[in-house]
Every structure is written in C-alpha cells, then in structure tokens.
Amino acid sequence: MQTRQLGQSDLHISPLGFGTWASGGGNWEYGWGAQDDNDTIRAIAAAAHAGINWIDTAAAYGLGHAETVVGRALRELPAELRPSVFTKGSLVWDAQGRISHSLDPASLSREIDDSLRRLKVDVIDLYQIHWPAFPPGAPEQSIEAAIAALDAARRAGKIRHIGVSNFDAAQLERARAVAPIASLQPPYSLLMRGIEASILPYTAAHGIGNIVYSPLQSGLLSGRMTRERIAALPANDWRAQRSPEFQEPNLTRNLALVEVLRGVGARYGRTPAEVAIAWTLRKPVVTGAIVGVRRPDQLDGLLGAADLKLSDADLADIQAALPEGSAAPVPQSVVEA
C-alpha cells in the first residue's frame with residue numbers, strides 16, 4: 001500500500017489502519033460480544049503482511065485486554081513487519097469495571113505507563129486523548145493540563161507524537177496552543193458526516209492529520225449485515241442496544257444505502273465495504289481510516305478500499321442515497337474512538 005504523511009509528523013501510514021475495539025471482547029460495557037484472542041493475533045499478522053502499518057487501540061477496550069492482545073501480536077511479528085501502535089487514554093475504570101473519564105495529568109501519566117506495560121513496547125508511536133469529556137456533553141476538564149502531561153511524556157521518550165480524538169475545532173485550537181498535535185481521530189462515515197462543516201477544514205488549514213473511525217458504521221455498511229444477523233447480536237454486543245442506526249426506523253434506510261453501495265462496487269468488482277471506506281478516504285485531509293477486523297478472512301473485501309477511486313458519477317449516486325441528517329453534528333450516542 002502507498003502511505004500518507006500523518007499531519008506534520010514523521011509517521012507515514014497506510015490508508016487503512018487495524019482497529020481493535022472488538023478485540024477487547026464482550027466482558028465490558030461497550031463490548032462487541034465474545035472474541036477469540038488467537039483470531040485477533042492472526043488477523044493482525046495478516047493485515048501487516050497485506051501492508052497495513054498501524055494499529056489503533058485504547059486502554060479502555062476490554063479494560064486493558066485489547067492492548068494486551070496487541071502486545072502479544074507485536075511480539076510474534078518480525079521487526080520489519082511490526083506496525084506502529086496508536087493508543088488512547090482518558091477513559092479509566094474501577095475495580096467493578098465502571099468506566100469514568102479523567103484528564104488529570106497524574107492519571108494520564110499512569111495510563112501511559114500501564115499502556116506501555118500491556119503493549120510491551122518501549123515507546124508509543126501516537127498517544128491520543130480518547131475524549132475531551134465523557135459521556136459527551138459532560139462537564140469539561142482541563143484540556144491544557146492534559147496536553148501538557150502528554151507533552152511531558154513525549155519529552156521523556158514514552159510517546160512519540162500527540163493526538164486527540166473526538167475534539168471539535170475549538171478544542172483543537174486549545175490543544176495546539178500547548179503542544180503540536182499530529183492528528184485527530186473523529187467519527188466519519190456515510191451516516192456520520194458532521195465533521196465536514198468545520199472540523200475537516202480546520203485540520204486541513206493547520207496541518208493536522210485525520211484518522212477516522214467507524215467508516216463502516218460499526219459494520220452496518222459492510223454489506224454483510226442482514227436483519228437476521230442484527231436480530232441475533234448477543235446481549236453483550238453494544239450495537240444491539242445502544243446504536244440507533246441498527247434499529248428502526250433507521251435500519252431500513254441504512255440497508256437501502258448498502259444496496260446502493262453494492263451497485264457502485266459492482267462497477268469495479270469491489271464490495272460495499274470497500275466503497276464505504278473509499279468514500280471516507282476521497283478527501284486528502286483524511287489520512288487514514290480505521291477498520292475493525294476480528295478474523296483474517298474479514299480482510300477480504302476491505303483491502304481494496306485503499307486504492308479505490310470513486311468517480312463523480314459514483315459520488316453522485318451515493319449522495320442521492322444519503323439520509324437526511326447524516327451531516328449533522330456527531331450524535332451524543334457515539335461512544336467510541
């Protein structure tokens with residue numbers, strides 16, 4: 001795969017990144033149901049061999065479990081194939097597994113040390129603040145103090161670059177006043193287009209890379225989701241209860257959009273998933289898209305998105321099928337990055 005420079009950093013990343021939210025398993029509040037660790041490790045290896053050169057994870061995924069599995073996968077890969085590691089902090093949990101949010105510098109410092117230990121790496125390539133406030137809309141803590149703590153970790157050699165996730169333009173401006181910000185990780189898909197109005201123009205103007213999450217809307221736009229499969233989602237899969245896009249009246253509308261993507265993809269021998277991901281990558285300001293992969297075989301039907309160029313006619317067909325409201329600000333129900 002060709003690579004793209006992430007913002008003004010020295011990181012050159014593949015258009016697709018390996019997402020590990022589901023790798024945390026189902027035993028936490030925002031789990032995706034049961035996940036086989038060995039499947040995750042094999043999928044990471046297959047992705048690395050295919051040219052995907054970065055992994056996105058977070059301390060909160062599986063309450064540390066995803067980072068631990070990523071650490072195992074890294075140790076099994078030869079050095080020349082080992083991907084860069086991007087992780088996130090600010091979501092912390094107690095002994096009962098209840099998640100809360102902290103931008104306290106001492107808490108972030110502990111999180112970085114814990115992530116280094118779980119990942120078994122000497123330095124984290126990109127360390128991101130997961131949320132400026134959580135749940136979205138909660139009282140905000142000091143962004144400035146949090147970025148200063150990450151900058152101290154950078155100068156100490158624990159992290160290489162600083163990123164943020166789920167920040168708006170005003171929050172990015174505050175963060176940039178403290179230290180260089182390599183990247184933003186925002187939600188972006190055909191069903192979540194709220195970043196187009198102000199956030200993408202801001203990052204383009206200030207040389208900040210974008211690594212977008214949920215380009216397939218948590219699998220809904222993959223072309224593999226059916227009503228039957230959605231109805232059979234286990235109770236410990238967050239999508240079954242928390243995502244309005246998986247429920248009526250949105251579900252019928254969204255499955256109709258998938259059929260439009262299927263028709264566009266048929267022109268190129270590509271899947272609906274590849275079309276949906278390529279749509280997010282069509283803008284140069286979007287450096288990469290995070291794709292969640294649970295098994296090696298799921299890479300089939302995703303990798304082609306990296307070099308798929310949609311025509312004006314393709315984009316017009318897709319535009320005509322987009323639901324009203326998908327360009328609105330990110331809904332409060334969004335809980336991931």
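How many of the residues of α10 are buried?

## Helix α10

The model described here is predicted. In this model, 10 of the 10 residues of α10 are buried, and the helix is thus mostly covered. The buried residues are P272, A273, E274, V275, A276, I277, A278, W279, T280 and L281.

Several elements cover these buried residues of α10. Strands among them are β1 (4-5), β3 (16-19), β11 (209-212) and β12 (286-292). The cover also includes the helices α9 (250-266) and α11 (312-321).

## Nonpolar cores

The largest nonpolar core has 80 residues. Within this core, the residues with the most contacts are I147, L190, L221, I277 and I318. Helix α10 gives the most to this core, contributing 7 residues.

Another core, of 23 residues, lies apart from the largest one. Its members include L6, W131, I211 and Y213.

## Aromatic pairs

A pair of aromatic rings is described by the distance of the centres and the angle of the planes. The structure holds 7 aromatic pairs. One of them joins W131 and F134: the ring centres are 5.7 Å apart and the planes stand at 55°, so the pair counts as tilted, because only planes over 60 degrees apart would be edge-to-face and only those under 30 degrees stacked. W131 has a relative accessibility of 6% and counts as buried. F134 is buried as well, with a relative accessible area of 10%. Ring pairs also link W131 and F134 with W21, W28, Y30 and Y61 into a cluster.

A further aromatic pair is formed by Y188 and W279, with 5.2 Å from centre to centre and 40° between the planes, and this pair is tilted. Y188 belongs to the loop between β10 (183-185) and α6 (199-205), whereas W279 belongs to helix α10 (residues 272-281); the pair therefore ties together parts that are 91 residues apart in sequence. Y188 has a relative accessible area of 0% and is buried. W279, at 3% relative accessibility, counts as buried.

Key
Residues are numbered from 1 along each chain as its sequence is written. This is a predicted model: local features need pLDDT of at least 70, side-chain atom pairs count only at pLDDT 80 or more; totals for chains, interfaces and linings use all residues. Side-chain values use heavy atoms; hydrogens and water are left out. Rings of Phe, Tyr and Trp (its six-membered ring) pair if their centres lie within 6.5 Å; planes under 30 degrees apart count as stacked, over 60 as edge-to-face and the rest as tilted. Buried means under 20% relative accessible area, exposed over 50%, partly exposed in between (1.4 Å probe, protein chains only). Helices (H or I, at least four residues) and strands (E, at least two) are DSSP runs, numbered from the N terminus. A nonpolar core is a set of buried Ala, Val, Leu, Ile, Met, Phe, Trp, Tyr and Cys residues joined through side-chain atoms within 4.5 Å. Contact means heavy atoms within 4.5 Å.
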